[in-house]
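Work through the exercises below with the model open beside you, and try each task before reading its solution.

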Amino acid sequence: MLAHLEKYFRTERLPHIWCPGCANGIIVKSLVEAIDKAGLDQDKTVIVSGIGCSSRAPGYLNFNTLHTTHGRAIAFATGVKLANPELNVIVVTGDGDGTSIGGNHLIHGARRNIDLTVLLFNNSIYGMTGGQYSPMSPQGAKATTSPYGNIERPFDICNLVTASGASYVARGNSYHTSQLTNLIYQGLQNKGFSFIEAISTCPVYFGRKNKLGRPADMLKMQKEFCISKEAAEKMSAEEKAGKVITGVLHYAELPEYTEQYQKIVDKCQRR
Amino acid sequence: MTVTDIKAKLMQGNQACAEGAIYAGINFYAGYPITPSTEIAEVLAERMPEEGGKFIQMEDEIASMAAIVGASLTGAKTMTATSGPGFSLKQENFGYGIVAETPCVVVNVQRLGPSTGGPTAPAQGDMMQARWGTHGDHPVIALCPSTVQECFDLTVKAFNLAEEFRTPVLLLLDEVIGHMRERVFVPQPGELEVVDRIKPEAGTQNYLAYQPVDSTLVPPMASFGDGYRFHVTGLLHDETGFPTNNSEVMGSLIERLHQKIERGREKIVIVEEIDIDDADVVIIAYGCVARSAQKAQKMARKKGQKVGILRLITVWPFPEEEVLRVAEKAKALIVPEMNRGQIKDVVQSAVVGKAEVYGIGNVDGEMVSPCQILAKIEEVL
Ligand SMILES: Cc1ncc(C[n+]2csc(CCOP(=O)(O)OP(=O)(O)O)c2C)c(N)n1
Ligand code: SF4
């Protein structure tokens with residue numbers, strides 16, 4: 001482990017529970033790098049998660065950590081942030097946790113533009129329960145509950161969160177790690193609801209079911225199908241077909257929820 | 001205290017509950033509108049910022065319950081209020097609050113169920129849901145006011161118990177109590193006890209968030225931001241707060257959660273006894289129905305019938321000893337309630353055959369009337 005990052009880990013909790021080859025660890029490293037770059041005070045930072053493989057990340061991180069119920073991390077985090085706006089609040093969630101059972105909390109968090117940084121690990125599957133399809137599984141994908149191929153269409157979750165009112169929305173992946181670190185860093189800097197979709201891998205379930213090869217092959221695929229927003233702008237529609245666009249997809253300066261509420265408190269107390 | 005110090009106000013039960021929360025020092029409220037509890041949210045939406053606290057209307061009851069647990073972990077005193085359908089939605093995160101040992105108050109202003117049921121009709125149909133609504137073995141504290149004054153006082157008590165025992169506490173109102181207006185004497189600051197959670201002693205090294213330090217078995221509770229960087233999870237955990245699969249450790253956590261409530265029984269269990277010493281018949285009642293019971297008891301006494309009342313102010317943990325003591329002297333117990341005998345069955349198992357137990361169970365949204373109780377007294381005497 002890089003020496004400057006060691007202080008962010010509860011090294012006594014390692015090794016982690018993730019399978020060999022899982023990309024979750026890569027994304028956690030980007031998160032920690034971004035936290036380091038942003039210079040967040042560990043004592044004043046809370047990392048909240050739901051339930052799933054990805055949601056186990058906070059247990060290994062040396063902060064105030066809150067591992068909640070399935071899908072509800074943003075709702076718990078809203079309570080933490082509004083009760084004490086001085087705390088930096090980061091949410092770690094999975095595609096099932098954040099877009100299925102927790103989808104309602106995600107859009108309402110975005111709508112409020114409450115100052116949370118939400119990092120969604122998208123491995124296109126329910127990893128922890130053994131490989132069922134999620135609202136982010138591509139059409140046609142095989143999963144234990146879509147043995148004949150998935151007939152549902154996946155969310156474009158970044159579009160959904162943008163439309164819901166978030167002030168910062170970005171997408172990265174576990175291959176282009178310095179880009180991902182930077183996207184998370186910018187999310188941490190934004191005072192408002194920041195959402196970063198991090199495309200991850202689940203070689204054990206999604207990879208195996210869909211014959212995607214070894215863990216390293218899955219990472220290399222991300223290199224192929226992910227293109228930056230800047231590159232995409234120079235490409236034709238044909239060239240863009242089947243590609244996933246990464247980078248900062250949306251940014252808007254918007255009033256932040258806890259600051260708005262504080263104004264009400266100040267006004268009431270002056271009366 | 002002089003007469004001018006006494007602040008008597010005409011209040012609705014729900015309003016008294018909201019004001020009681022403010023007296024207790026609430027810092028954070030999250031809720032979702034539902035009849036007949038909505039006034040609690042409406043009063044607090046206005047009052048919280050005046051008191052420097054925070055109010056938020058969440059997207060649903062699941063989120064409201066989550067938000068109050070999250071807020072409590074930062075050191076805030078927190079509350080949510082709801083009714084039947086919303087109470088069902090809160091159950092998973094209510095259980096989380098128990099396992100994560102997070103103080104908070106959950107108000108359920110009961111209405112007729114199941115399902116959407118009768119939104120404006122009173123009931124006491126959630127007594128067992130209050131006890132067992134969330135999955136798994138867990139202890140529960142639930143208080144049940146019978147007057148608007150008690151809505152105020154027991155809300156303060158509920159906050160106190162939540163803080164002292166590091167656990168969510170239920171306040172079970174019903175539509176009658178929630179919407180009724182009565183005179184409330186608002187206590188002066190300091191008049192009622194207000195309890196704050198025990199924090200780790202200053203300078204504590206190696207703080208363990210789930211390690212009790214004394215015989216109360218209630219671990220001191222730090223707040224997020226205090227510098228202890230502890231971990232909170234709904235998974236069964238050891239005293240460090242980190243999850244474990246060790247059966248001994250998992251079992252002893254469940255055991256301790258029960259034991260800490262068991263050891264606090266004297267502070268938690270409250271009943272009111274009226275004329276029970278010579279009573280042949282004792283009415284065991286709670287919530288709005290206790291009011292009809294009081295009327296019926298007075299009328300029966302006037303007729304020369306030896307009738308008393310045991311009013312359950314705390315319903316969970318169940319006042320088994322108090323009920324048994326009454327059963328040892330009385331011939332018959334009558335349990336009138338607005339459900340099909342949820343508490344009657346518990347009374348029955350508590351008295352182990354020492355007295356006959358009779359129920360009255362209204363499930364049509366009509367109050368149990370004094371006449372119904374009087375008729376039952378005639379029947380059993
Ligand atoms: C209320 C509830 N329903 C279902 C589950 C079972 N469950 C645990 S994790 C999970 C899916 C997690 O998937 P995702 O969020 O994509 O995370 P991953 O494991 O893939 O990282 C489910 C359905 C649960 N714990 N709680
Ligand atoms: S099941 Fe999949 S997502 Fe979960 S740890 Fe294993 S590889 Fe990673």
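**Exercise 1.** Which strands of chain B does helix H13 (residues 370-380) lie across, and at about how many degrees does the helix run to E16(B)?

Solution. Bear in mind from the start that this model is predicted. Helix H13 of chain B lies across E12, E13, E15 and E16 of chain B, and the helix runs at about 155 degrees to E16(B).

**Exercise 2.** Find the order of the open sheet of five strands in chain B, and then its edge strands.

Solution. Reading across the sheet gives the order E11-E13-E12-E15-E16, with mixed pairing. The edge strands, each of which pairs on one side only, are strand E11 (271-274) and strand E16 (356-361) of chain B. Turning to one pair, E11(B) and strand E13 (residues 307-312) of chain B run antiparallel and are joined by four bridges, and within this pair Glu273(B) stands opposite Leu310(B).

**Exercise 3.** Where does chain B take part in the open sheet of nine strands?

Solution. The order is E9(A)-E10(A)-E7(A)-E8(A)-E4(A)-E3(A)-E1(A)-E2(A)-E10(B), so that E10(B) stands at the end of the list. Strand E10 (231-233) of chain B is an edge strand, together with strand E9 (226-228) of chain A. Strand E2 (residues 64-67) of chain A pairs with E10(B) in the parallel sense over three bridges, where Leu66(A) has Val232(B) as its bridge partner.

**Exercise 4.** How many nonpolar, polar and charged residues does the shell around ligand 2 have?

Solution. Begin with the surrounding residues, among them Trp18(A), Cys19(A), Asn123(A), Gly127(A) and Tyr205(A). Sorted by class, the shell has eight nonpolar, two polar and no charged residues.

Key: Residues are numbered from 1 along each chain as its sequence is written. Chains are lettered from A and ligands numbered from 1 in the order in which they are written. This is a predicted model: local features need pLDDT of at least 70, side-chain atom pairs count only at pLDDT 80 or more; totals for chains, interfaces and linings use all residues. Side-chain values use heavy atoms; hydrogens and water are left out. A residue is near a molecule or strand if one of its heavy atoms lies within 4 Å of it. Ala, Val, Leu, Ile, Met, Phe, Trp, Tyr, Cys and Pro count as nonpolar, Asp, Glu, Lys and Arg as charged, and the others, Gly among them, as polar. Two strands pair if DSSP finds at least two bridges between them. Helices (H or I, at least four residues) and strands (E, at least two) are DSSP runs, numbered from the N terminus. Contact means heavy atoms within 4.5 Å. Axes are lines fitted to C-alpha atoms, for helices over the stretch in contact, and angles run from 0 to 180 degrees between N-to-C directions.
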